[in-house]
Protein chains: 2
Amino acid sequence: MEFRQLKTFRVVAELTSFTRAAEQLHLAQSSVSAQIRGLEEELQVMLFDRIGRRVLLTDAGRKLYDYARRIEGITDELRSEVAGERYARGSLTIRMPETLATVYMVPVIEEFNREYPDVRLIFINCADRQLARELNAGRIDLAFLMTDELQMQDVKVVMLKSEELVLAAAPTHLLASRRSLELLDLTGQTILYPKTD
Amino acid sequence: MEFRQLKTFRVVAELTSFTRAAEQLHLAQSSVSAQIRGLEEELQVMLFDRIGRRVLLTDAGRKLYDYARRIEGITDELRSEVAGERYARGSLTIRMPETLATVYMVPVIEEFNREYPDVRLIFINCADRQLARELNAGRIDLAFLMTDELQMQDVKVVMLKSEELVLAAAPTHLLASRRSLELLDLTGQTILYPKTD
DNA sequence: CGTTATAAATCGTTTGTAACGATTAATAAA
DNA sequence: TTTATTAATCGTTACAAACGATTTATAACG
């Protein structure tokens, strides 16, 4: 039995749903299933009655839920009591293109604020060529950018997502009537596209 | 932070030794080091003062120790309260050579009894050729035997230990004066040696 | 009563973390 | 100084968690 499982269990119990618990915990639904199954096997007792696609606590589950709450309460206390204070507070300065921010960041910021209310987030528009220098100088902590590949010394780069590029044209445009296009068809056309810089 | 780390921390704190804690927990010393380091990193605080080869709790460590005790107490309560009772009780029937038992089993049995007081251990002398049948029939649960290799269908076999074979002779024996021996020197000699059967 | 949508379980694969053994560095004891 | 002991470190291996895809079951709907 581990804290991880206990937390997962508590969330499932509160949401009465494996799927929604998985979303909230940023896990796949199958992982939530596996964790609950692990608990049930270790304790040799069913924690949920699976009635159709509804999930509800058994007697044992209700007992465990109370314990889980209690234990999580104590560990929270422990953290603030024992931890060298600075447990996620301060500020993060993030560089990212405005378009990215508006599309992706709203729910992220909401959740981040819930989890770390004492951390201030500072966004600076666009990521530019001096990224590495800015990161190393400590002027910024993180940067998101749109590009197809990137390697930088002393900077950790992770690919997060890839997106399909879609061509949009005015209905009156010469190419608008075409069913499909090759990249070559764009030769000579004026196109507008997102750039990292 | 996981239960595993917390337990390891508690044992280290009680024995004031990484090495002895590792023994008690059946872990390598390096694993204990890693777990404590993990805790210290997560909580951003040193838990032990490493003064030379002596280890003693810091203030934060003392606080954490109290919490660890408390949390372990609660989880024990949880187990007996929630678990479907039958948490390790019953009996285990084990076949093993008497010589092995006397050499290795005494401390094992002591510890096992401490951990699982409700499990009865039944030892039967020697492991014989019908091992597989006995295991599958459920007459025995486990068997230890001395041999150099073994494969059995439907039976899980694990190599636990290998031992050096030492030749012992009477001081008056012809070979006793020799500094070293080849296996061939034993040709024609009557030798006495352990057998699995 | 079939169809669709939704939810959990299951399966095979990939990934990440823990444990290990061996070695090093440090220090206490001989 | 030498030896013994202890924790830290490093590279490897093995195990367990997470994942995505699929299956199974059932509730909701036309």
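How are α4(A) and α4(B) oriented to each other, roughly parallel, roughly antiparallel, roughly perpendicular or oblique? I took this up in the predicted model by looking at the helix axes: α4 of chain A and α4 of chain B, each covering residues 59–82, pack at an angle of about 180°, and their axes lie 10 Å apart. Since angles over 145 degrees count as roughly antiparallel, I noted that α4(A) and α4(B) are therefore roughly antiparallel to each other.

I then looked up which residues make this contact, and found that α4(A) contributes, among others, L64(A), Y67(A), I71(A) and I74(A), while the residues they meet in α4(B) include L64(B), Y67(B), I71(B) and I74(B). The contact of α4(A) with α4(B) divides into 14 nonpolar, no polar and 6 charged residues.

Next I checked how the chains are related, and recorded that chain B superposes on chain A by a rotation of 178° with a shift of 0.7 Å along the axis, at an RMSD of 0.9 Å; that is the relation of a two-fold axis. In chain B, the C-alpha nearest the axis belongs to E2(B), 2.8 Å from it. I also noted that 100% of the interface residues of chain B are interface residues in chain A as well, so the copies meet through the same surface.

Last, I turned to DNA strand D, which 19 residues surround, the closest being A28(A), S30(A), G52(A), T19(B) and S30(B). The surface near DNA strand D takes at least two residues from each of α3 of chain A, α2 of chain B and α3 of chain B, and α3(A) gives the most, with 4 residues.

Key
Residues are numbered from 1 along each chain as its sequence is written. Chains are lettered from A and ligands numbered from 1 in the order in which they are written. This is a predicted model: local features need pLDDT of at least 70, side-chain atom pairs count only at pLDDT 80 or more; totals for chains, interfaces and linings use all residues. A residue is near a molecule or strand if its C-beta atom, placed from the backbone, lies within 6 Å of it. Copies are superposed by least squares on the C-alpha atoms of residues with pLDDT of at least 70 in both. Two residues are in contact if their C-beta atoms, placed from the backbone, lie within 7 Å. Axes are lines fitted to C-alpha atoms, for helices over the stretch in contact, and angles run from 0 to 180 degrees between N-to-C directions. Angles under 35 degrees count as roughly parallel, over 145 as roughly antiparallel, 65 to 115 as roughly perpendicular and the rest as oblique. Ala, Val, Leu, Ile, Met, Phe, Trp, Tyr, Cys and Pro count as nonpolar, Asp, Glu, Lys and Arg as charged, and the others, Gly among them, as polar.
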